[in-house]
Amino acid sequence: MDWASFFQSFANGLLIAGLYAAVTLGLTLVLGVMGIVNFAHGEMVMLGAYNTFWLCTLLKVDPLASIAASGLLLFFVGLFIYRFTIRPILTDPPLNQLLLTLGISIFLQNLAMILWKTDSRSVITSYSGMSLHLGLVHVGLTRLLTFLIAVGLTIVLVLFLYKARSGRAMRAVSENNTASWLIGINVQRTYLLAFGVAAGLAGASGALVSTIMYTYPMVGFKIGLKAFCILVLGGLGNIPGALLGSLILGLTESFVGTYVPEGSGWAEGISFILIMIILIIKPTGLVGTRRE
Amino acid sequence: MIHSFSRAKVIFLILLAVFLLWYPKLADPYFLHLTVTAFLAMILASSWDILARTGQVSVGQAGLFGIGAYTAALLYKWIHLSPVLGMFSGGIIAVMVAAFLGTLTLRLRGIYFSITTIAFAEALSVIWLMTPDFAGGAMGLSTPPLFGGNREQAYYLILALLALVILTVWLIQATRLNFAFTAIRENEEVANVIGINPTRYKVLAFMISAFFTGFAGGFYSHYNTYIIPYEVFGLGISIACLVMPIFGGLYTIAGPIIGTIVIKAIEEYLRVTVSYGHQIAYGLILVVVVLFMPEGLVGLWKKTILRR
């Protein structure tokens, strides 16, 4: 066995898993707190990626520095979307929520096509081509940085959920929203904040996406589907599950890319196959139980 | 149910039938082509609605459409099967796939089924792209023009299929199936208690829906003479399948038809004004319908005109 390529694949899978985790966290947060599967999450990632691309192209802002800008921008976009579309249908049947968020997703995809055409764009920085040698493996500097930032975002989110007052309110609401309301938590405001934070996370991870992938109108749809796969893998709405799911998807894609003939093409389909297999065999996900 | 036809309704239907049969003599070729594509879309919309009657939202009808399209094109390529038989085979293969996929996933809650259907269509797209020797890969497949390029005959074929879909929907509404589908949609547990096996009926609805969607896919491949995986398995088709009936009004015969006519008109307008992204209307309509007019155009019409 060729250990160098094994470890290289492992490293690549691990690094991409960090990005997947960052994308999935927001989706998990909204599902966990509000019980809504947000189909437009991927499109918010896409908007974050475009924001970073334009800041870099027009104003020469370093893409990694514009993470905060993309995060903040999408935080407000999220508040807006929540206030005017999600809030009126909070108590509707889940399928209405699905259709609404799907509608937002289609709208944003096509808006991006109208505004920015279907070209694939990429962000190029002074350190784009640099790589580090860590033992047997080569690691691209940009990939390593995105991974570290993604891990950082995850840690910040977890700290927020366990330490901050409003974060703890989110956990309380996700456990039981009626009881939370009874003990004086403002459930509506918690929903609003959770949706905003999730959108902000999407925007920040969009900035990361723009540095290591092409930015084009359908990138959000592609990465959003991967996030769904991770969600399904990890069991819906819990953070440890989302992290484990990211790791499984990242590593599987990477190993398929290395060891299967024409693997990089097939790797794109892994997430879809995994979604179907998991839902058919173990609909509750690999970790934890299904939320009702 | 048959007795509920009023005389006015019968006269209207007869006039409509005469008009539709006479139509190719009246319309110019471009308009005839638009009508054929609109009928195709109506078939997709109505068959999506059949499944929706059981409360299941498929976001992957393109998977079934693409299977039908490729079955017809491949059968022509391999054994020169007559196009109409090829389309029929496309429908049959789509039914078999739907039976398999449905049995496995329709016992799940609604949202999981929806996610599975998207994954299913996207997975097929990847498989087709990666197997160029078998199915043409990204280059797609081409077939000679349907009926030697005779649009009138193509029109009559798609009209017949549309009539068959509407007849099927009408039969579903007029028989006990309607009660079963509605009961499952309203409350699955209760339906189960009163002796309706939800999964069995949902799979049945999915299979009926798949037959017409697959047949329509086969028609598309021969009519269009050219198919590529990005298009026939694409999200665009899946979205069109669900937005048209939702806009028109769910669980009605007229809803999907009216929704399709209005959306096709909007789409045709946008196609000439914006070069990319004309599906933006679909997204906007979906949001507006969910928020403000849950019963679609048919519901709006009933509310404003009939209750005046």
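Biologist: How many residues of chain A are in contact with chain B?

Modeller: In this predicted model, 37 residues of chain A are in contact with 35 residues of chain B.

Biologist: Which elements of chain A give two or more residues to that side?

Modeller: They are α4 (94-116), α9 (219-234) and α11 (263-281) of chain A.

Biologist: And which one gives the most?

Modeller: That is α4(A), with 15 residues on the side of chain A that touches chain B.

Biologist: How do the residues on that side divide into nonpolar, polar and charged?

Modeller: On the side of chain A that touches chain B, 27 residues are nonpolar, seven are polar and three are charged.

Biologist: Let us stay in chain A. At what angle do α6(A) and α8(A) pack?

Modeller: Helix α6 (residues 165-175) and helix α8 (residues 187-212) of chain A pack at about 105°, and their axes are 10 Å apart. Angles of 65 to 115 degrees count as roughly perpendicular, so α6(A) is roughly perpendicular to α8(A).

Biologist: Which residues make the contact?

Modeller: From α6(A) there are A:S166, A:A169, A:M170 and A:V173, and from α8(A) there are A:V187, A:T190, A:L193 and A:A194. By class, this contact of α6(A) with α8(A) has six nonpolar, two polar and no charged residues.

Biologist: Now A:I248. Where does it lie, and is it buried or exposed?

Modeller: A:I248 belongs to helix α10 (residues 239-259) of chain A. The residue A:I248 has 21 other C-beta atoms within 10 Å; a residue is buried if the count is 20 or more, so A:I248 is buried.

Biologist: Turning to chain B, what span should α5(B) have?

Modeller: Helix α5 (residues 110-130) of chain B has 21 residues, so at 1.5 Å a residue it should span 30 Å. The end C-alpha atoms of α5(B) are 31 Å apart, which agrees.

Biologist: How many residues of α5(B) are buried?

Modeller: In α5(B), 17 of the 21 residues are buried, so this helix is largely enclosed by the rest of the structure.

Biologist: Finally, how do α4(B) and α10(B) cross, and is the crossing left-handed or right-handed?

Modeller: The axes of α4 (residues 83-105) and α10 (residues 198-224) of chain B come within 7 Å and cross at roughly 145°. The crossing of α4(B) with α10(B) is right-handed. The contact of α4(B) with α10(B) has 17 nonpolar, ten polar and one charged residues.

Conventions
Residues are numbered from 1 along each chain as its sequence is written. Chains are lettered from A and ligands numbered from 1 in the order in which they are written. This is a predicted model: local features need pLDDT of at least 70, side-chain atom pairs count only at pLDDT 80 or more; totals for chains, interfaces and linings use all residues. Axes are lines fitted to C-alpha atoms, for helices over the stretch in contact, and angles run from 0 to 180 degrees between N-to-C directions. Helices (H or I, at least four residues) and strands (E, at least two) are DSSP runs, numbered from the N terminus. A crossing is left-handed if the near helix is turned anticlockwise from the far one by less than a right angle, and right-handed if clockwise. Ala, Val, Leu, Ile, Met, Phe, Trp, Tyr, Cys and Pro count as nonpolar, Asp, Glu, Lys and Arg as charged, and the others, Gly among them, as polar. Two residues are in contact if their C-beta atoms, placed from the backbone, lie within 7 Å. The expected span of a helix is 1.5 Å times one less than its number of residues. A residue is buried if 20 or more other C-beta atoms lie within 10 Å of its own, exposed if 12 or fewer, and partly exposed in between; C-beta atoms are placed from the backbone. Angles under 35 degrees count as roughly parallel, over 145 as roughly antiparallel, 65 to 115 as roughly perpendicular and the rest as oblique.
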